[in-house]
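Hi everyone, thanks for coming. Let me put the model up on the screen, and then we'll walk through a strand and a couple of surface patches together.

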Amino acid sequence: MDDLSEALRRVVVVANRKGGVLKSSIVRNVADVASHAGYRVAVIDGDPQGNLSEIDFGVDTDGGRGLAMALQYGTDLAPVSTGGVDVICGGPELQGAIGAAMMPGSEVSMEQNLRAALARLTRQRAYDLVLIDSGPGDTRLLDAYLWAARWLIVPTLDDEAALAGVDKMGQRFVAAKRAGADVEFLGAVVGKVNPRATARNAEVRREVEEMLGEEATPFDATIRYDAAGRVDARRHAMSARDVAEEAVRQAKARLDRVKGGTHAPGDVWWSNAKNAGQGLAQDYENLTREVLTRIGAKEAAA
């Protein structure tokens, strides 16, 4: 630990070396639930694809330039506020920071630069929770995020490729710890599950715990597969909670149109079944509650 550790004690990185395992969705929705519960929340889109900031939050991004400058030079981070959450944008500009750090003879320490910049921001804004969405690709960026974070959440699916990504993530975590990073496992999240497949879900939890150890015990909350809800969320830059609320409004509007003999509007809303999106929204509420409870318990035990 160093003099920045206290400022970074509520920083959580969500990471898996495999793509498509709900990293961005978890960051988006945990941030939404926590902010609506009164927490001051920031998210960092640490992926060169920039989907979290541009699509999931729908903000006008800088392509990751501000975060790249912080990584390369330690400059101040400038978040964009939207819906009660501060967003530090990602995007292709992050590739420039990677290139600068890998140049022969380079003395760039993205790890220390990001730690310093993020610590200044958390002190200034008094955040209760900071969530980092990491991309599945370059390990140099992942290492910087592991060094900036106090806690690690590893999402996975119930397939071999995702579980292999968990194993690789565990190896990267161990390497960071051996090098002196403060980061600790907070837990794993199993996503895209069938809530009724209890036996299979329990087996995946067991496999993940064997890979990562008891300190990364999976959360009780799992994230169900809801294709329609995911499409609507990304199409309209909504959280799962927003989608569930909008689905109720859409259902009422359809009923009113039927009664009035009018036609539906041109924009298609996919979450149109009864109680659409409510299960997924509840999954993210349960996960957020567990995340905050675990952090509190680990802080109390320290």
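Let's begin with strand β5, residues 129–134. Six of its six residues are buried, so β5 is largely enclosed by the rest of the structure. Keep in mind, please, that this is a predicted model.

Which way do the side chains go? L129, L131 and D133 point one way from β5, while V130, I132 and S134 point the other way, and all are buried. Do have a look at D133 and S134 on your screens; both belong to that buried set.

Now for the neighbours of β5. Strand β1, residues 11–14, pairs with β5 in the parallel sense, over four bridges. If you want a landmark there, V12 stands opposite L131 of β5. Strand β2, residues 41–46, also runs parallel to β5, and six bridges join the two. The landmark here is A42, which stands opposite V130 in β5.

V231, V268 and W270 make a nonpolar patch of about 270 Å². Where does V268 sit? You'll find V268 in the loop between α10 (240–260) and α11 (278–301). And is V268 buried or partly exposed? With a relative accessible area of 38%, V268 counts as partly exposed.

Technical notes
Residues are numbered from 1 along each chain as its sequence is written. This is a predicted model: local features need pLDDT of at least 70, side-chain atom pairs count only at pLDDT 80 or more; totals for chains, interfaces and linings use all residues. Side-chain values use heavy atoms; hydrogens and water are left out. Patches are made of residues with over 30% relative accessible area and no salt bridge: like charges are joined within 9 Å, nonpolar side chains (Val, Leu, Ile, Met, Phe, Trp, Tyr) within 5 Å. Accessible areas come from the Shrake-Rupley method with a 1.4 Å probe; for residues, only the protein chains shown count as cover. A salt bridge is a side-chain nitrogen of Lys or Arg within 4 Å of a carboxyl oxygen of Asp or Glu. Buried means under 20% relative accessible area, exposed over 50%, partly exposed in between (1.4 Å probe, protein chains only). Two strands pair if DSSP finds at least two bridges between them.
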